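Grab a pencil and keep the viewer open.

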Amino acid sequence: MPQLFGNKRLIFLLVSIVILVMLIGFSLRNREELTWPEQFVKDTVGFVQLLFGKPAQEIAGFFENVNDLRRTYKENELLKARLEEYAALETEVEALRQENARLRALLDKKESLRDFVSIQATVIGRNPDRWRETIIINKGEQQGVKKDMAVITPAGLVGKVQHASQFTSTVQLLSALDQNNRISAYVQGKENVFGLIEGYDEKRRELLLGEIPIDAKVEKKQKVLTSGLGGVFPKGLPIGEVTEVKPDQYGLTKVVYVKPFANLYDIDDVMIVKRTIDAALQEKEEAK
């Protein structure tokens, strides 16, 4: 009996294989028309593909577009960050370039001031309410700064030390409205003409050089320098250039308008200057 059941299974398997081969052969042969089960299966598969295939492609395309947008957003954020870094770097480079130019100009000026004792300083404060009056610098008595020392930039004289504390000093600018802020100066020429810087014209942004004799010959473009006669400033520090000459209100002397060489409204680095003769006397007094 077990052998009979085994033969039946073998016969069933062989018949199934034969039928499968016949079906495959039947389906592979060239036919002009399909059977209705084949048409049903084919139409069903096509309908299902039409029903789900296109929406699936659209959904896949939607998520692909979302990913593209996310990548574009990240790239945009990265580019914005790089652009901000570039702008900050450009600003820093420009600031360093300007600082380098100022320091080079100060160094060149220091070489030309061998007859004076000079101390380099940086402006650390300026009151907006007194912008044209004073500035604060980062050098004081500890660095040898004294009251009334001349303060210059590479362009020219800007003022004098008004107060000196241990580590900082206040500088009174030439443009300060102070009647006591008078500087002995002269107009450089074949015959020097001496006078006093005794005021500032805010509208013209120019200094007023007074006490000029009525018969003195002063012309435009002539340079004005410190005379050293006041006992405060060294002689020969450049102040500015003559722009106009006219009689004073009484007609007894002349008033000369002087355009400062230095920009009194934009000062970053300065040099404090004193005469070598004063420095030598100070060293002798300290040696005693």
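**Exercise 1. Find what share of the chain's residues is buried.**

Start with the cut-offs: buried means under 20% relative accessible area, exposed means over 50%, and partly exposed is in between, with a 1.4 Å probe and protein chains only as cover. By that rule, buried residues make up 30% of the 288 residues in the chain.

A quick note before you go on: this is a predicted model, where local features need pLDDT of at least 70 and side-chain atom pairs count only at pLDDT 80 or more, while totals for chains, interfaces and linings use all residues. Residues are numbered from 1 along each chain as its sequence is written, and side-chain values use heavy atoms, leaving out hydrogens and water.

**Exercise 2. Work out how the two aromatic pairs are arranged.**

Step 1: rings of Phe, Tyr and Trp (its six-membered ring) pair if their centres lie within 6.5 Å; planes under 30 degrees apart count as stacked, over 60 as edge-to-face and the rest as tilted. That rule gives 2 aromatic pairs.

Step 2: Phe-62 and Phe-63 have ring centres 5.5 Å apart and planes at 75°, so they're edge-to-face. Both Phe-62 and Phe-63 are exposed.

Step 3: Tyr-186 and Phe-194 also have ring centres 5.5 Å apart, but with planes at 35°, so this pair is tilted. Here Tyr-186 is buried at 7% relative accessible area, while Phe-194 is partly exposed at 38%.

**Exercise 3. Trace the partners of Arg-204.**

Step 1: a charge sits over a ring if NZ of Lys or CZ of Arg is within 6 Å of the ring centre and within 35 degrees of the ring normal. The charged end of Arg-204 sits over the ring of Tyr-257, 3.8 Å from its centre. Tyr-257 is in strand 11 (residues 253-260) and is buried, at 9% relative accessibility.

Step 2: a salt bridge is a side-chain nitrogen of Lys or Arg within 4 Å of a carboxyl oxygen of Asp or Glu. The count for this model is 9 salt bridges. Arg-204 forms one with Glu-206, the closest N and O atoms being 3.1 Å apart. Glu-206 is buried at 8% relative accessible area, whereas Arg-204 is partly exposed at 32%.

Step 3: Arg-204 also meets Glu-244 in a salt bridge, at 2.6 Å from N to O. This pair links distant parts of the chain, 40 residues apart: Arg-204 is in the loop between strand 7 (193-201) and strand 8 (206-213), and Glu-244 is in strand 10 (residues 238-247).

Definitions and conventions. Helix = DSSP H or I, 4+ residues; strand = E, 2+ residues; numbered from the N terminus.
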